[in-house]
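The plan is to look up a handful of residues and write down what sits around each.

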Amino acid sequence: MLEGIIIKGISGFYYVEVQDTIYECKARGIFRKRNKTPLVGDRVSISIVDEEGKKGIVEEIHPRVSELVRPPVANINKVMITFSVKEPNPNFVLLDRFIVFSERENLDIVIVLSKTDLDESGEITKSIQEEFEKVGYKVLAVSTKTGENMEKVLEELEGCISVFAGQSGVGKSSIINYIAPGIDLATAEISQKLGRGKHTTRHAELFKIGKNAIIADTPGFSSFELNNIEVEELQEYFIEFEQYRTCKFGSKCIHKNEPACGIKQAVEDGNISKRRYESYLQILDEINNLKGKLKRNL
């Protein structure tokens, strides 16, 4: 058998790259019985049924380092959370949700702030960079129009399987096209009426950029479900909270209405961003509401 990586999956066919050769494969029925579906990004073993026609069978799925449900991709280890300074304007709550999702999945996080050429004064870019760098995240301010910091995007992708995440229209495909012109991904104009872009990617797919960098282009990676996050768990994904958890009620404190709360005091003292804290409360309320609905439906 040969070992390779699934770079694309469409309608039950899996395209497996083995040493620069791509085989179109079906999966063994045993995977359905085991309730396991091959995913883009999976390392697999395949048997060859037609060498000339490059046809094969997925025989084995190797253990996964990570597994994302939305989008369905395996073995991602870095996420490039991409948001634009303008057109569309940054949605900070959505950005914080992406961070929560990525922290929960234990992914390495880089925030890519795109379309900086539209920020003539540079003030928007500077304020966003300062806020998230203070938290501890790496922020790359980039522009595909001027080429600003695009070489740093390439450096971040080296040695990783990375996914670009962000709302539609922020320029994810344009960035990928810039750093890997041969891929020639479709790009879409911003819908002026809706203030967002049209989805241009129809399926998850991996692309090699050199020998040691692989990127995933994924459809609809603009939101995620909160079903699997517990109320007490959420605070773990706001990493700046850690050093200020000196709360009267200890680990039971969810930093909302409790007295003598270290997190609320840190917000008041300016050590934690008030905006980030308000995002935390909004997501917390969503989780509480979701849990309440689930209980009522039981």
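This is a predicted model: local features need pLDDT of at least 70, side-chain atom pairs count only at pLDDT 80 or more; totals for chains, interfaces and linings use all residues.

**Entry 1**

I started with the neighbours of I5: leaving out residues up to four places away in sequence, I5 touches Y15, V16, E17, G41, D42, R43, I161, L206 and I214. Contact here means heavy atoms within 4.5 Å. Residues are numbered from 1 along each chain as its sequence is written, and side-chain values use heavy atoms, with hydrogens and water left out.

I found I5 in strand β1. Helices (H or I, at least four residues) and strands (E, at least two) are DSSP runs, numbered from the N terminus. Is I5 buried or exposed? I5 counts as buried because its relative accessible area is 6%. For that word, the cut-offs are under 20% relative accessible area for buried, over 50% for exposed and partly exposed in between, with a 1.4 Å probe and protein chains only. I also checked I5 against Y15, 10 residues apart along the chain: their C-alpha atoms are separated by 8.3 Å.

**Entry 2: who pairs with β1**

Two strands pair if DSSP finds at least two bridges between them. β1 (residues 2-10) and β4 (residues 43-50) run antiparallel and are joined by 4 bridges. In that pairing, I see G4 opposite V44. β1 also pairs with β2 (residues 13-18), in the antiparallel sense, over 5 bridges. Which residue in β2 is the bridge partner of I5? I got E17. β1 and β2 make a hairpin with 2 residues between them, and S11 in the turn has a positive phi of about 50°.

**Entry 3: the loop between β9 and α3**

Next I went to the loop between β9 (108-114) and α3 (123-135), where D119 lies. D119 is buried yet has no salt bridge; K86, the nearest side chain of opposite charge, is 5.5 Å away. A salt bridge needs a side-chain nitrogen of Lys or Arg within 4 Å of a carboxyl oxygen of Asp or Glu. For charge, Lys and Arg count as positive, Asp and Glu as negative, and His and the chain ends are not counted.

What I did find is a polar contact of 2.8 Å between the side chains of D119 and T125. That term means a pair of N or O atoms within 3.5 Å; within protein, one must be able to donate a hydrogen and the other to accept it, and residues adjacent in sequence count only if both atoms are side-chain atoms.

T116 lies in the loop between β9 and α3 too. T116 counts as buried because its relative accessibility is 9%. Its side chain makes a polar contact of 2.6 Å with the side chain of E148. Not counting residues up to four places away in sequence, T116 touches V85, T125, A141, V142, S143 and E148, while D119 touches V85, I124 and T125.

**Entry 4: L107, then the whole chain**

L107 lies in the loop between α2 (92-104) and β9. I wrote L107 down as buried because its relative accessible area is 7%. Leaving out residues up to four places away in sequence, L107 touches L68, I76, N77, V79 and S102.

Zooming out, I noted 7 helices and 15 strands in the chain. Buried residues make up 48% of the 298 residues.
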